[in-house]
Structure formats: C-alpha cells, structure tokens
Amino acid sequence: MGVEYDGTHFHGWQTQSGVRTVQSELEAAVSRVANHPVIVHCAGRTDAGVHALEQVVHFETTATRSERSWVLGANVNLPPDVGVRWAHPVDDGFHARFSAQARHYRYQILARRTRSPLQRDRAVWVHEALDLERMRAAAVALVGEHDFSSFRAVACQAKSPIRRVLYLDLSERDGLITLAIGANGFLHHMVRNIAGVLMAIGRGEASVDWTRELLEVRDRRLGGVTAQPQGLYFVRADYPAEFGLPQSERADPLQRLKNSI
C-alpha cells in the first residue's frame, strides 16, 4: 500500500503503548478489512511530527479483496490524518523496507520575518534570511557515498554509517525553502541533522566547508543542532520495476545519481 499521513498528532510511525501512532491506526483499519489481525511493515519509520506523501507498506493476509476494496475499506476505517492512496498485490519476495533501492525525503523551511499560521505544522519557521547559495555550495560535499557518522543520531542502531546520497537539491519560492534529498538509505535523524547544518551555514554561523569537515571528523558531537521534525516529509521509496507498484513520481535512483554528481 501507498500511505499518506499528517504526522502532527502522531508519536511517530512505530506502535508504542499508550500513545497514538501511524502503524497502530493503519493496522487496526486494515485488520478490519481483512477480518483478521495484520502486522504492517513500512519502508522507513518516521518520528513524531514527521509527515509522509507516499509511505510504502506491506502486510500478509489470507483475505481475498480487490485493490479498490483494500483502499476504500481501509480509508473508511482510518482517521482523517491518514489515508491509503493505492494497494497492489506482491509476491513473498517483496519487503517494504528491504526491497527498497532508494528513499526520498523533503525538508521545508519558511524563512521570513513573520510566522505563518498555515505553515505552522508543515515547515520549520526561521525569522532570519538564509543565504540559499551558501547552502547549495555546502550541500555539494554531501552528494555521493560517505561515512555520515557526524549526521546520525547518537542512538542510531544502523550497523554501518556509510550511505550514498543520490542528490541534494535546494529551491525557494515565496520564502519557502525546500530541501529535496534521495539516498540508498538514511540513518536516524540524518535528514534533520543535514538540514540543521545547512541552516547554520545559510545564517552565516559556519563556513561553507563545514559539511566537508563534518564528513571527515565522523563525530556527531560536532555536528550541530538537529532540525525540528515538522518540516520533514517522507516522499517515497523506489523499488525494482518487477514488482509493478503504482507509485507516483517514479524515478530511477541510478539516473538521479548520474545527474547529480
């Protein structure tokens, strides 16, 4: 399934006792359609306050339903801040997390003197101007395969800090800066830590070379502030074409890599 959600009022993706999570809401809804309990696995777990445009999930079921019935049935039983966009059958070889070839995120920053009531849970507000050209110049060093130890959370459980960033683009419209990034995988808080570093560079608090220096020292303690979660969006994950998923904005991550380096 492709799932969209507003993460504002969730304590993240993963089921936790006594709090509201996306996984628990989705499992309850899909279980009703299947008429038996299901466990849902996602492409990339998101933290509290983080949104998703097309989170990809999979589950196993003994029920026989049409793709339309899975979508409509799940949406009838879901709250307004979660919705299923599509459903598609896959074979036993598919796994939402382990079959993904690449993942894509977006981070939004509202850089203007006054706050926006409409963007309060959709973007991180900074009241000072950010130098977009400095941020773009600093971002170049992060593209490619690197040790991202300086950009991972202290509690990150990934076995290796090596990741390949396929592209990192920055654009701006009416004060809203969008950081778009894709990689073969991400470490815990990696995008938010990158955003925090680039914002500090955009404010002139650090040199353009800081991103390259952080890659070299491989020390999270020197990596700056983790940006707030509400500006972060899980955009999509890419899978081999053999699975035939009806994803939006399908892109070949290897081609994006060639175009970005």
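A: Buried means under 20% relative accessible area, exposed over 50%, and partly exposed in between, with a 1.4 Å probe and protein chains only. At 81% relative accessibility, Asp-92 therefore counts as exposed. This is a predicted model, in which local features need pLDDT of at least 70, side-chain atom pairs count only at pLDDT 80 or more, and totals for chains, interfaces and linings use all residues. Residues are numbered from 1 along each chain as its sequence is written, and side-chain values use heavy atoms, with hydrogens and water left out.

Q: Where does Asp-92 lie?

A: Helices (H or I, at least four residues) and strands (E, at least two) are DSSP runs, numbered from the N terminus. Asp-92 is found in the loop between β4 (82–86) and β5 (102–111).

Q: Which residues gather in a patch of negative charge on the surface?

A: A patch is made of residues with over 30% relative accessible area and no salt bridge, like charges being joined within 9 Å. A salt bridge is a side-chain nitrogen of Lys or Arg within 4 Å of a carboxyl oxygen of Asp or Glu. Asp and Glu count as negative, and the place of a charge is taken as CG of Asp or CD of Glu. Here the patch of negative charge is formed by Glu-60, Asp-91, Asp-92 and Glu-242.

Q: How many aromatic pairs does the structure hold?

A: A pair of aromatic rings is described by the distance of the centres and the angle of the planes. Rings of Phe, Tyr and Trp (its six-membered ring) pair if their centres lie within 6.5 Å; planes under 30 degrees apart count as stacked, over 60 as edge-to-face and the rest as tilted. The structure holds seven aromatic pairs. In one of them, Tyr-5 and Trp-13, the centres are 6.4 Å apart and the planes stand at 35°, so the pair is tilted. Tyr-5 and Trp-13 are buried.

Q: What is the arrangement of the rings of Phe-94 and Phe-243?

A: Their centres are 5.0 Å apart and their planes lie at 80°, so this pair is edge-to-face. Phe-94 belongs to the loop between β4 and β5, and Phe-243 to the loop between β10 (232–238) and α6 (253–260), so the pair ties together parts 149 residues apart in sequence. Both Phe-94 and Phe-243 are buried. Ring pairs also link Phe-94, Tyr-239 and Phe-243 into a cluster.

Terms used:
Patches are made of residues with over 30% relative accessible area and no salt bridge: like charges are joined within 9 Å, nonpolar side chains (Val, Leu, Ile, Met, Phe, Trp, Tyr) within 5 Å. Accessible areas come from the Shrake-Rupley method with a 1.4 Å probe; for residues, only the protein chains shown count as cover.
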